[in-house]
Amino acid sequence: MSGRFGAGAARLSGHAALLLGWTPDRFWSATPEELATILTALRAPEGEAVDRGTIDRLMEQDRGG
């Protein structure tokens, strides 16, 4: 089971880095609920895609800018 956890955690950490700009420390300090909330907010309504501009705006807001 630990092998599956490790692979899943590595994959999620990579997604958080790419999509959210999170460092590994930020990823590991976040709760599962925080990660799920943010990823749910990024999910586009049915039939719509999130474009790079939207992701960039969200990342800028997260940085306080």
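The points below describe the fold, pockets, core and salt bridges of a predicted model.

1. Confidence. The mean pLDDT over the chain is 83, and 92% of the residues reach at least 70. Taken by element, the highest mean belongs to helix α2 (residues 24-29), at 92, and the lowest to helix α4 (residues 52-62), at 83. Both salt-bridge pairs and part of the pocket description below should be read with these values in view.

2. Fold and extent. The chain has four helices and zero strands, in the order α-α-α-α from the N terminus. Along the principal axes, the C-alpha atoms occupy a box of roughly 35 × 30 × 20 Å. Of the 65 residues in the chain, 18% are buried.

3. Nonpolar core. The largest nonpolar core consists of seven residues, namely Ala16, Leu20, Trp22, Phe27, Ala30, Leu35 and Leu42. Helices α1 and α3 each contribute at least two residues to this core.

4. Largest pocket. The volume of the largest pocket is about 180 Å³. Three helices, α1 (2-20), α2 and α3 (32-42), each provide at least two lining residues. Helix α1 gives the most, with three residues. By class, eight of the lining residues are nonpolar and one is polar, with no charged residues.

5. Second largest pocket. This pocket has a volume of about 160 Å³. Helices α1, α3 and α4 each give two or more residues to the lining. The largest share, four residues, is from α4. The lining counts nine nonpolar residues, no polar ones and one charged.

6. How many salt bridges does a search of the whole structure find? The search finds two. In one of them the side chains of aspartate 56 and arginine 52 meet, at 3.0 Å from N to O. Both residues belong to helix α4 and are four residues apart, about one turn of the helix. Is aspartate 56 buried, partly exposed or exposed? Aspartate 56 has a relative accessible area of 35%, so this residue is partly exposed. Arginine 52 also counts as partly exposed, because its relative accessibility is 49% and the exposed class begins over 50%.

7. Salt bridge of arginine 63. The other salt bridge joins arginine 63 to glutamate 60, with the closest N and O atoms 3.6 Å apart. Arginine 63 counts as exposed because its relative accessibility is 57%. Glutamate 60, at 39% relative accessibility, is partly exposed.

8. Points to check against the structure. Which element gives the most to the lining of the largest pocket? The answer is α1, with three residues. For the second largest pocket, the element with the largest share is α4, with four residues. Helix α4 is also the element with the lowest mean pLDDT, 83, and contains the pair aspartate 56 and arginine 52.

How values were computed. Residues numbered from 1 in each chain as written. Predicted model: local features only at pLDDT ≥ 70, side-chain atom pairs only at ≥ 80, totals over all residues. Heavy atoms only, no water. pLDDT = per-residue confidence, 0-100. 1 Å grid on protein atoms, 1.4 Å probe; cavity = no way out; pocket = protein on both sides within 12 Å on 5 of 7 lines; lining within 4 Å. Points joined across faces, edges and corners; volume = space filled by probe spheres on them. Nonpolar A, V, L, I, M, F, W, Y, C, P; charged D, E, K, R; others polar. Salt bridge = Lys/Arg side-chain N within 4 Å of Asp/Glu carboxyl O. Buried < 20%, exposed > 50% of the residue type's maximum accessible area, 1.4 Å probe, protein only. Core = buried A, V, L, I, M, F, W, Y, C linked by side-chain atoms within 4.5 Å.
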